[in-house]
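Open the model in your viewer and keep the sequence panel at hand.

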Amino acid sequence: MNCMFNHSSEKVMKQPSAASKVDQQQQPEDSTEGDRENPEQLSGTVKTLSKFSSDPIKTDSSDFLNKVFQNNKENGEVKQVHKISLFPSSAPRSDEKTDSEGSFLSRATVIKRPAEDSFEDETSKKQKPSTPTRLLPKSVLNPPTTVQERMRYLKNAHESLKSKLRNKDDQYCVNLAVKLELEAAKSTTSKNVYERALKIAIYKIRSEDSPQGTPSSSESSQPVSKIDDPDWVIPKLSKLMAPKNKLKRNSFILQIPPPYDGHLSKKVMQCSHCGDDFILGEQMLHDDKCVYHPERPKLTKQVALTNSRYNNSYNTRTYPCCNTTIDDATAGCATLKHHVYKLEDPIEMHHKIPFIFTADRNVDYLAVGLDCEMGWTSFGFELIRVTVVDFFTEEKILDTIVQPLGKMIDLNTKFSGVSEITDSNSVSFKKMRDLLFNVINRQTIIIGHGLENDMNVLRLIHTKIIDTSILYSTHYDPKRKDPLRLLVSNFLNRKIQSGEHDSMEDALACIHIIKHKILERYT
Ligand SMILES: [Zn+2]
Ligand SMILES: [Zn+2]
Ligand SMILES: [Zn+2]
């Protein structure tokens with residue numbers, strides 16, 4: 001089957017002990033290349049071959065091990081077997097890595113395989129049912145990364161496929177994972193390109209329970225339109241990402257702020273609703289009665305009640321919440337028990353709820369739309385809902401109400417769309433992050449409008465950002481950005497936010513603007 005291997009095993013059985021190796025080194029004129037292979041070196045070979053080749057070799061190697069074991073037992077050298085253990089209890093030293101990889105590569109090119117591509121269809125499975133593909137990376141001439149790394153990516157790919165293709169058996173997912181990993185590894189020598197190619201390939205396999213589901217083999221999931229093809233879209237999305245200086249200018253936090261050394265509780269704050277001053281540490285101690293208008297005044301046309309034939313209409317400012325003009329209005333039409341505030345200083349924000357970098361778990365999504373809703377609590381302006389939508393399928397991949405860390409003062413329902421937070425309809429802030437990091441990682445491109453607000457309430461440091469308010473706002477001043485509603489109306493000729501604020505609607509609107517812009521520019 002494999003002449004090189006058999007050759008080595010014969011030699012080992014002839015010279016199983018370390019002593020014979022010394023003899024052999026003293027007589028170099030007798031030895032050939034194969035003769036010099038001692039059991040220690042061979043144990044490396046066995047490990048590598050069994051790890052990176054298909055079953056027949058493994059069978060050979062276990063037969064071989066049995067033979068060696070028998071041989072050694074007869075010679076009273078049972079100890080020797082430990083050196084040839086298939087799965088050594090201790091991990092290989094790091095300096096052994098290059099060696100084992102090197103030998104893997106050189107040997108792997110000699111080994112004859114039935115086919116390089118391991119993906120088996122139904123017919124070939126029937127022909128050789130005894131040799132199912134195992135979850136191991138196939139050899140390639142110039143691999144983009146180490147075999148250990150490839151193994152890790154392959155395992156992740158297998159996990160992703162299993163959760164996507166719940167109706168398929170495990171062997172199907174193993175075959176597909178091995179096939180996709182091999183294609184990605186053969187396509188490039190760059191680790192980054194390999195990683196992205198594999199992610200895109202897995203991404204293209206539609207999950208079976210998705211409404212837009214297509215038959216789940218990579219051949220039949222060819223995208224219908226270019227905008228559905230990650231290979232075509234992702235490079236264009238990368239070009240739309242905001243550079244770091246722009247993120248900074250727009251109040252994104254790009255590094256963990258230093259520790260706060262003041263006394264936040266003694267700080268005098270100005271109420272974001274009514275403008276009154278209050279001491280932060282006393283905000284919740286007594287009922288202050290914050291009287292305010294929930295909505296900002298808008299310019300409206302008033303018609304003067306005169307008998308004149310001339311048009312006596314004039315512009316004035318009116319509160320939409322209670323429909324009273326700014327001149328007639330009282331201090332407010334709504335009342336809260338406590339004043340509210342918003343922390344603006346990153347150091348203070350970090351002190352209340354710490355910032356963290358996006359985690360780097362294995363995730364399925366390359367680009368997402370994201371929108372958060374906030375409410376007023378004793379901790380400031382806090383996250384109460386987060387919604388994440390997949391850029392390609394436009395499916396909701398995360399939508400959860402989040403329990404605030406501070407005491408709730410105002411749910412802001414008219415704007416947040418959240419009318420109550422109970423234990424049964426919400427998750428903790430910590431759990432929210434866990435759920436979020438299952439769908440986005442550091443490489444995921446996040447799309448949204450005014451995303452600094454979302455990132456800052458999530459306390460998330462993330463640099464792959466496409467922000468429609470940075471890209472398409474007509475104002476240069478970050479404080480005067482065009483509202484999303486206006487961009488949607490201008491670019492998509494559509495009306496949004498007519499009722500209560502819906503984070504799904506907003507996240508999707510941003511995705512649609514970006515898709516529109518990409519198609520407009522590149523097709
Ligand atoms: Zn009002
Ligand atoms: Zn107030
Ligand atoms: Zn929103």
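Start by selecting Cys-290, which counts as buried because its relative accessibility is 0%, below the 20% limit. Keep in mind that this is a predicted model.

Next, show the zinc ion (ligand 2) together with Cys-290. The ion is coordinated by the SG atoms of Cys-271, Cys-274 and Cys-290 and by ND1 of His-339, at 2.1 to 2.3 Å. Draw the angles among the 4 donor atoms: they run from 97 to 116°, so the arrangement around the zinc ion (ligand 2) is tetrahedral. In the sequence panel, the donor residues of this ion follow the spacing C-x2-C-x15-C-x48-H.

Now colour by secondary structure and select Cys-274 and Cys-290. Cys-274 sits in the loop between strand S1 (268-270) and strand S2 (277-279), while Cys-290 belongs to strand S3 (residues 290-292), so the pair ties together parts that are 16 residues apart in sequence.

Move on to the zinc ion (ligand 1). Select His-293 (ND1), Cys-321 (SG), Cys-322 (SG) and Cys-333 (SG), which coordinate the ion at 2.1 to 2.6 Å. The site of this zinc ion is tetrahedral, with angles of 93 to 120° among its 4 donor atoms. Along the chain, the donors are spaced H-x27-C-C-x10-C.

Cys-321 is partly exposed at 27% relative accessibility, and Cys-322 is partly exposed with a relative accessible area of 26%.

Technical notes:
Residues numbered from 1 in each chain as written. Chains lettered and ligands numbered in written order. Predicted model: local features only at pLDDT ≥ 70, side-chain atom pairs only at ≥ 80, totals over all residues. Heavy atoms only, no water. Donors = N, O, S within 2.8 Å, 3.2 Å for Na, K, Ca; no water. Tetrahedral: all angles 85-135°; square planar, octahedral: opposite > 155°, others 65-115°. Buried < 20%, exposed > 50% of the residue type's maximum accessible area, 1.4 Å probe, protein only. Helix = DSSP H or I, 4+ residues; strand = E, 2+ residues; numbered from the N terminus.
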